[in-house]
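Please have the sequence and coordinates open while reading.

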Protein chains: 2
Amino acid sequence: MLRRSRIQSLSPALWSRHMSVVAKSLKYTEHGEPQDVLKLVEDELSDPKGKQVLVKILAAPINPADINTIQGKYPVKPKFPAVAGNEFVGEVICVGENVKDLKEGQHVIPLATGLGTWTTHAVYNADQLLAVSKKVGLAEAATVTVNPCTAYRMLKDFVHLCPGDTVIQNGANSAVGQAVHQLCRAWGINSIGIVRDRPEIAELKEMLKCLGATEILTEAEIRTSDIFKTGKVKKPRLAFNCVGGKSATEVSRHLDHKGILVTYGGMSREPVTVATGPLIFKDIAFRGFWMTRWSKENYNAPERSEMFKEIFGLMENGKFVAPAHEMVPLEKFKDAAAAALNFKGFTGKKFILDMSK
Amino acid sequence: MLRRSRIQSLSPALWSRHMSVVAKSLKYTEHGEPQDVLKLVEDELSDPKGKQVLVKILAAPINPADINTIQGKYPVKPKFPAVAGNEFVGEVICVGENVKDLKEGQHVIPLATGLGTWTTHAVYNADQLLAVSKKVGLAEAATVTVNPCTAYRMLKDFVHLCPGDTVIQNGANSAVGQAVHQLCRAWGINSIGIVRDRPEIAELKEMLKCLGATEILTEAEIRTSDIFKTGKVKKPRLAFNCVGGKSATEVSRHLDHKGILVTYGGMSREPVTVATGPLIFKDIAFRGFWMTRWSKENYNAPERSEMFKEIFGLMENGKFVAPAHEMVPLEKFKDAAAAALNFKGFTGKKFILDMSK
């Protein structure tokens, strides 16, 4: 028995439409470049049963990990045929007879990973979903589980930070970087960011400071900066690295005694180089963070509910916005994938597939 | 009032000798190569007063950190003029009137660091010393506070190891390496060691296995070894690095998920290189360890007494021996320093200055 008696009684036409929902999905049956292996495929979905939920996907971002998964370069391997995509925000269309905590019309995001989200509709299990207030914008809700949660956990789980403490990061304009600035602003933490020099550096600095960055410096500027020497800003106890190579070494150089450098990405494809002296004499530690593992290990943990509550609270109050992005229709995924990637790798442009129309 | 009334009453001659103890010490007044800056100097010592203790040094090792301190390359800087050396075992000659826990004739080792120990006699404070049973050999007692304690803490403080777990290390023939094998044997832990290839490799492997190493492999052998694949030995949860560079990377490659590489030295003078993938997806961590800091931070901690008790227990029972070494008279320190160092750095030869005669 589906819980849609009201809809059923009001509109037999709507009911029969539910019975024949056709999902348009970006699917792949082998690893390769997204432009080559993804096909837009139509599938008729069966009605949600038991604890299942039929969801209309409204928006789903293109994350670097999604591209790597399609390429077969990510540790998570899908079962073929697979629908691409990992994050989304969707609207509940109808629920199976045993679903108690979700109802038609609610917005939902994924609690589980690798659900296959680059699609117009999907049937998921209720325990794979979390309801989210409609006061949270679609772009914010669609992108919350990876980047803001990564920033949140990295700020919470390695060092006990207090207001007035400092965090430093490279790739400070990345999606995680933008989330770090906003969380630091909310929590009274100094957020120092390092970015590569570029023609529009002044605009980038301004944009990141608007998000809450205390200071944004280029790689050249940080090398000669006295920002931590003047006592204006405390030496960082925590650093984030998504670049690797020399950039990681440079970031770690600014850490205070017992500081921790957390690596969550390696955009330069160069390893992290750790001088022996600071490891031994400054007790600097080098760690890694992978949101997917954390989410699996803490699926139903109270820390996870608390995290979503806090981030959604900030989003509802306009204190946390989605990373700079462009919305593109599902059909234009090839253009988006091409713009997200070039011969060197990721360009840093963020796209969100828009299935809300 | 000195507590030597018995000696005084028995022997006025002895008493007057105490009053004019002349220490021969290796002293330096500027940083440089040990052969150049160390001078054998005689100083008359005044009687121990209050909580002071007059000690006759019996043996004091030459550690790499001692050489680096003399060279000015170590983070600990002495006040000039300085007596070189950090470790020793000595015999209490007489104690000041407020000393309660030490008495004449006892063997003692340093609790404090940087006491200046390359000398025949010294006056220390009682709280800088720890009494040690005479059942502990002089070489063992003289070298306990740096290398065995480093091995002990690195095995205890980073991962909770259980019998049957595995530890891997490079520089497996170093003084710390030898201590690791012996502690692992005592605690039922598999100790896998990596050493550089050399003409006398068979003898070296045999010697290290006699100390408790489960397996010793050369750098070439470990690359093709299936030791962790056959299930014969569990994958290591803990690794120790005193080399750096490619050797450190190779060691870290064998770590199990959530494993930790602890760096305590950098003999190759190359930094530690950390691949991004294992940091993120295997949750490998890179830490450092410095015994000097630990000892300062845990000067009177119960963990420290417990550590000494356990190591001395093993030493008394012949289950823990000093690293392979050569005893040399204080006067021959230049020969020893030259043999401990060559143009590339440390040769790995261990010398203990012998002042027991």
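Contact here means heavy atoms within 4.5 Å. On that basis, 28 residues of chain B touch 28 residues of chain A. The model is a predicted one.

## The interface

Chain B and chain A bury about 2200 Å² between them. Carbon and sulfur atoms account for 61% of that area. L279(B), I280(B) and F281(B) supply 25% of the area that chain B buries against chain A, more than any other three residues.

How are the two chains related?

Four salt bridges are found between chain B and chain A. In one salt bridge, R293(A) pairs with D283(B), with the closest N and O atoms 3.6 Å apart.

P271(B) shows contacts to both chains. It sits in the loop between strand 13 (260-263) and strand 14 (272-274) of chain B. Its relative accessibility is 31%, so P271(B) counts as partly exposed. Leaving aside neighbours within four places in sequence, P271(B) is in contact with T273(A), V274(A), A275(A) and T276(A), and with G244(B) and G245(B). K349(B) lies 78 residues from P271(B) along the chain, and their C-alpha atoms are 23 Å apart.

## Salt bridges

The whole structure holds 24 salt bridges over all chains.

| D43(A) | K27(A) | 2.8 Å |

Take the salt bridge of D43(A) and K27(A). D43(A) lies in strand 2 (residues 39-45) of chain A and K27(A) in strand 1 (residues 21-28) of chain A, so the pair ties together parts that are 16 residues apart in sequence. D43(A) is partly exposed, with a relative accessible area of 25%. K27(A) is at 19% and counts as buried, because buried means under 20%.

D157(B) and R153(B) are four residues apart in helix 6 (residues 147-157) of chain B, so about one helical turn separates them. D157(B) is partly exposed at 39% relative accessible area. R153(B) is buried at 4%.

D283(B) is buried at 13% relative accessible area, while K258(B) is partly exposed at 44%. Salt bridges that share partners also join K258(A), D283(A), R293(B) and E297(B) into one network.

## A buried arginine

Which side chain of opposite charge is nearest to R304(A), and how far away is it? It is E87(A), at 9.5 Å. A salt bridge needs a nitrogen and an oxygen within 4 Å. R304(A) is buried yet has no salt bridge. This arginine belongs to helix 13 (residues 302-316) of chain A. Beyond four places in sequence, R304(A) touches L111(A), W294(A), S295(A), N298(A) and Y299(A).

## Strands

Strands of a sheet pair through backbone hydrogen bonds, either parallel or antiparallel. Strand 19 (residues 351-354) of chain A takes part in both kinds of pairing. Strand 3 (residues 52-62) of chain A pairs with strand 19 in the antiparallel sense over four bridges. There A59(A) stands opposite D354(A). Strand 16 (residues 326-329) of chain A runs parallel to strand 19, also joined by four bridges. There V328(A) has L353(A) as its bridge partner. F351(A) and L353(A) point one way from strand 19, I352(A) and D354(A) the other way, and all are buried.

Chain B has an open sheet of three strands in the order 2-1-4, with antiparallel pairing. Strand 2 (39-45) and strand 4 (82-83) of chain B stand at the edges, each with a single partner strand, so one side of each is left without a neighbour in the sheet. Strand 1 (residues 21-28) and strand 2 of chain B pair over seven bridges. V22(B) stands opposite E44(B) in strand 2.

Technical notes. Residues numbered from 1 in each chain as written. Chains lettered and ligands numbered in written order. Predicted model: local features only at pLDDT ≥ 70, side-chain atom pairs only at ≥ 80, totals over all residues. Heavy atoms only, no water. Buried < 20%, exposed > 50% of the residue type's maximum accessible area, 1.4 Å probe, protein only. Helix = DSSP H or I, 4+ residues; strand = E, 2+ residues; numbered from the N terminus. Pairing = 2+ DSSP bridges. Lys, Arg positive; Asp, Glu negative; His and termini not counted. Buried area = accessible area lost by both parts, 1.4 Å probe.
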